[in-house]
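Subject: Structure handover

Hi,

Here is the structure for you to look at. My notes on what turned up follow below it.

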Amino acid sequence: MNNRYCENGVEIRKTICSICNPHSHCGIDAHVKDGVVVKVEGSLENPHNRGTLCSKGAASRQYIYHQDRLKTPLLRTGAKGAGEFRPISREEALDIAAERLKGIRAESGAESVAFFAGYPKWMRPFLKRLAHSFGSPNYCTESSTCSSAAVLAAKLNYGCFGPPDIANAKCLLVWSANPFYSNTSAVRRLLDAKERGLTIIEVGPLVTPLTRHADVHLRLRPGTSGALALGMANVIIEEGLYDRGFVEKWTVGFEEFKEYVKAFPLARTEAITGIPEHLIRQAARLYAKTKPAAIQVSASPTVHHTNGVQNHRALTALIGLTGNFDVPGGNHVRPPAYLYVPGPPVTRQHEYEQSRPWSEMAPRMAVDRFPVWSHVIAEAQAMHLPVQIQSGSPYPIRSVVGFGLNHRMWPGSDFMYESLKKLDFFLHVDLFMTDTGKVADLLLPACTSFERSELKFYPEKFVIWTTPVIDPVGESRPDAEIIFDLAKRIAPEDTLLQQGYEANVDWILAPTGLSVEKLKQHPGGLALEDIPPVPYRKYEKSGFPTPSGKMEFASNVLKRFAVDPLPTFKEPALSPIGTPDLAKNFPLILTTGARLPMFIHSRTFRLPWTSGLRPDPMLDINPEDAEDRDIAQGDSVLLSTPRNTITVGANITQIVPPGVINIYHGYRNPEINTLFEPDYLDPVSGFPGFKSLLCQVVKVPKEED
Ligand SMILES: Nc1nc2c(c(=O)[nH]1)N[C@H]1C(S)=C(S)[C@@H](COP(=O)(O)OP(=O)(O)OC[C@H]3O[C@@H](n4cnc5c(=O)[nH]c(N)nc54)[C@H](O)[C@@H]3O)O[C@H]1N2
Ligand SMILES: Nc1nc2c(c(=O)[nH]1)N[C@H]1C(S)=C(S)[C@@H](COP(=O)(O)OP(=O)(O)OC[C@H]3O[C@@H](n4cnc5c(=O)[nH]c(N)nc54)[C@H](O)[C@@H]3O)O[C@H]1N2
Ligand code: SF4
Ligand SMILES: [Mo]
C-alpha cells in the first residue's frame, strides 16, 4: 500500500507508532496537511494491528506536538537539577560531547563512560556498536529490569526459548501476562483460539480481562511462582503424566529434580501460594494431559522478584517435563529477526553490535556481583550503575550517555537521581524535558517515529522501512542520526559506522536479501513470502545450546557460579512467611507496575486523553483490607514500606486479593520506586523485586487530609 493524496489537501502517509512495546508498534496511517499530522488511523494492511489503535496510539498527536518536547540542544548553565540551560547549535553540542567523552576516556579509560538506552529500543544496535567501538564494555539498557531475566532463566534451562504456538495449541498456560492491557494487538488471535476451543489457565494474583476467558485462574501470592510450578511438577511426576521419552533422552538432572519437588506436596504448595489444592491439581492435570500445550510467559511479572530467576526456571521447566518444547502447539523456538521480534528472516543484528570482543575491553560493571548475568547476557547490568558511580570501584564511572534514561525506572530512584548528579559529564537524549534531563550537562532532542526512518519486523512475516511523515519538531533529530554524528567524532576508526545509517541497516539486513532501497518501494510494508516454516524439534538435529547439550533441570552454568543448580524455591527477601517480624508492621504485600492500558511507564501521563482516564495516582486495595482500615473509595492514604512513605488515593477493588496492594509505576509524584531499596535485587539476575515487597497502608489522619 502506498502513500495517497486526498482531495482536501491531506496526504495519507505510512508510518508506525512506537509508543509502546516492540511486540506492538502498530502500523499507522498519518493524515498530513501542510506538514502537520492532523489525524491518525491504524493501517488496515498491517497484519499486526489490522487497522486498530489503542488509546495511547490514538493520542499520537498530543505526543508529537506536546509542549514538553525538547526543541534545541541545551547546555547546562545552572546547578545540576535546577533546569537552567542555554540553547546551542547542534554542531557545537556534538563537538562539546565529543571533547568531553574523549577527554574522560584519555584520563580514566573508555570503561568510565557508560552508554544506556531506556525503554525505547529502535536505536539500540547502533548505540551498542558505538559503545564498543568507543572502547566501553558498559552498554546497558532498561532490559536490566525487563525481559533479560526471563531470557536468562530460559537459557539456563534450554539454551534457547520460544513463544507459544497458539495457532496449534489446545491448552495455553498464561503464566502472568495481561495482553489485554500490555499487548493489545495480540488479543484478537488469543480470542479466536479460545473460540476454537483453546483451554486457558491463567496464573497471577490479579483479576484481569483475561480472567473471564480462563478455564482456571490460579491467584497466587506474589513471588511464589516457583513453589506453584514445583507443586504442579510434583503432581505431574507422581501421576506419571510427564513425557518419559523426552525426559530420558533429552534432559539432565531429572532424578534430583524429581526428589526435590517431593518437598512440594499439594498441602504445602497451598500453604505457600495461597491457591487451593484442588485448583493446583486441576491445572497440573490440564496442562500435562491436554496435548499440545504451550506456556505464555511475560517479560516481567515472574522475574520482578528477589527470587525471580529460579521461579521462572521452575515454571519453564514444566515445558520440557511435559514434552511440549519445540513441538507444534507447544513453545516453538524461532530465530531472532530484529529487535526482539522472532523470525525468520534472520538478520546480523548481534554480530553488528559486538564490534569489539569482550576480551579487548575492561570487565563490565558488576561482573563480580552478577556473574551469571554477565556470563549469559551480552550487556552490563544497569542496576549496578548508581552503585559504581557512587563507589568508583573497581573503576570510576564518570560519564553516562543516555538515550531515554529515566531515573524513576530504578529501585531507590532517589539514589539513582543523586548518582547522576555526581557524574562529570551526563549527555542525555530524549523527546521531552524530563526531571532526569534536568540533571544532564548536555541535552539533545530526539524525535518520534513520525519524524524518522526505521526498520521494523513483525512476527507475521512482514517488514516495514518507514520514511518520515513530517519534518522533525524543532531541532530534534532521529536518535540514529545523533549516534552516527557522534561516531564521526568519537569512533572514527569504525569504518562501517562512518558510512551512515542506511548503509549500516543494509549491513544488518544482508543475510535476508532485503535492503533499504528495496523496502523503500513498499511504504506500507512488505509481506515476506517464500519464507520456509521454522522446523520443530530442532534439538533432535543439533542438541540444546546448553553445556550438556540437553535441557538442564540442574543447570551446569549455575553450578559453576555456586548457585543452586535446581530451580529451588526461596521466599522473596521480604515476605510474610520469610520475615514475619517485619510483617507485623508491614502486613501487606506490595506489587507494583501491573500494566494499565492507557499508560506506559513515564510516557503518557502528560497526554490529556490518556491521563484523563485516570487523573490521579491510586493504589488498589481489596475491600476487606480497606474496611479493616476504615478506608473509603478515593481517600488519601499513606503507603509505607521499610524504606519510605508516600501519599496516594485509594481505589477499592476486588481486582487485588486480600493482603495485596497494587500500584502503577512511573508517576512523577508520588515516586513509587523510592519505596524500594536500591539493592532489593535478585542476586542471580540483578532484577529488582518490584512485585513482592512488604508494606502498610493507613488512612491519612483527618487534619493532614
Ligand atoms: N499499556 C501498557 N502496555 C505495556 C506496558 C505498559 O506500561 N503499559 N509495559 C510493557 C512492558 S515494559 C512490559 S515488561 C510488559 C508487561 O506485560 P504483562 O506481563 O502482560 O503485564 P503486567 O500487567 O505487568 O503483569 C501481568 C500479570 O502478572 C501478574 N502478576 C503480578 N505479580 C505477580 C507475581 O508476583 N507472580 C506472578 N506469577 N504473577 C504476577 C498479575 O496478575 C498481572 O495481571 O507490558 C508491556 N506493555
Ligand atoms: N516499580 C516498578 N518499576 C518498574 C517496573 C514495574 O513494573 N514496577 N517496570 C520496569 C520495566 S519492565 C521497564 S521496561 C522499565 C521502563 O522504564 P523506562 O525506561 O523509564 O520507560 P519509559 O518511561 O517508557 O521511557 C524512558 C524515556 O524514554 C524517552 N523516549 C521515548 N521515546 C524515545 C525515543 O524514541 N528516543 C529517545 N531518545 N527517548 C525516548 C521517554 O520520553 C522517557 O523519558 O521500568 C521498570 N520499572
Ligand atoms: S498498542 Fe497502542 S501504543 Fe502500542 S504501538 Fe499500538 S497504537 Fe501504539
Ligand atoms: Mo518491561
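A contact here means heavy atoms within 4.5 Å. By that rule S18 touches H25, S449, R452 and R603, leaving out residues up to four places away in sequence. One caution before the rest: this is a predicted model.

**S18**

S18 sits in the loop between β2 (11-16) and β3 (27-33). Its relative accessible area is 15%. Buried means under 20%, so S18 counts as buried. The S18 side chain also has a polar partner: a polar contact of 3.1 Å joins it to the side chain of R452.

**Domains**

The chain divides into three parts: domain 1 (74-147 + 338-527), domain 2 (162-332 + 542-560) and domain 3 (580-704). The C-alpha centres of domain 1 and domain 3 are 31 Å apart. Their contact takes 28 residues from domain 1 and 24 residues from domain 3.

**Ligand 1**

Which domains supply at least three residues each to the shell around ligand 1? They are domain 2 (162-332 + 542-560) and domain 3 (580-704). In total, 35 residues surround ligand 1. The closest are S176, N178, S182, S298 and F599. By class, the shell has 17 nonpolar, 15 polar and three charged residues.

- L206: a polar backbone atom is 3.1 Å from an oxygen atom of ligand 1.
- P205: a backbone N or O atom lies 3.5 Å from an oxygen atom of ligand 1.
- P597: a backbone N or O atom lies 3.5 Å from a nitrogen atom of ligand 1.

On its own, ligand 1 has 910 Å² of accessible area, and the protein covers 96% of that.

**Ligand 2**

Around ligand 2 there are 32 residues. D430, D479, S602, R603 and N673 come nearest. R603 is also one of the residues that S18 touches. The ligand 2 shell holds twelve nonpolar, 13 polar and seven charged residues. Domain 1 (74-147 + 338-527) and domain 3 (580-704) each give at least three residues to this shell.

For ligand 2, the polar approaches come from side chains:

- S602: a side-chain N or O atom is 2.4 Å from an oxygen atom of ligand 2.
- N673: a polar side-chain atom lies 2.6 Å from a nitrogen atom of ligand 2.
- R595: a polar side-chain atom lies 3.0 Å from an oxygen atom of ligand 2.

How much of the 920 Å² that ligand 2 exposes when taken alone does the protein bury? The figure is 98%.

**Ligand 3**

The residues around ligand 3 are C17, I19, C20, S24, H25, C26, L53, C54, K56, G57 and T184. They divide into six nonpolar, four polar and one charged. H25, in this shell, is another residue that S18 touches.

**V203**

V203 belongs to strand β10 (residues 199-203). Is V203 buried or exposed? It is buried, because its relative accessibility is 2% and the limit for buried is under 20%. V203 touches L173, V174, W175, S176, L218, L220 and L228, again leaving out residues up to four places away in sequence. V203 and E259 are 56 residues apart along the chain, and their C-alpha atoms are separated by 25 Å.

Best wishes

How values were computed. Residues are numbered from 1 along each chain as its sequence is written. Chains are lettered from A and ligands numbered from 1 in the order in which they are written. This is a predicted model: local features need pLDDT of at least 70, side-chain atom pairs count only at pLDDT 80 or more; totals for chains, interfaces and linings use all residues. Side-chain values use heavy atoms; hydrogens and water are left out. A residue is near a molecule or strand if one of its heavy atoms lies within 4 Å of it. A polar contact is a pair of N or O atoms within 3.5 Å; within protein, one must be able to donate a hydrogen and the other to accept it, and residues adjacent in sequence count only if both atoms are side-chain atoms. Accessible areas come from the Shrake-Rupley method with a 1.4 Å probe; for residues, only the protein chains shown count as cover. Ala, Val, Leu, Ile, Met, Phe, Trp, Tyr, Cys and Pro count as nonpolar, Asp, Glu, Lys and Arg as charged, and the others, Gly among them, as polar. Domain bounds come from an automatic or database domain assignment. Helices (H or I, at least four residues) and strands (E, at least two) are DSSP runs, numbered from the N terminus. Buried means under 20% relative accessible area, exposed over 50%, partly exposed in between (1.4 Å probe, protein chains only).
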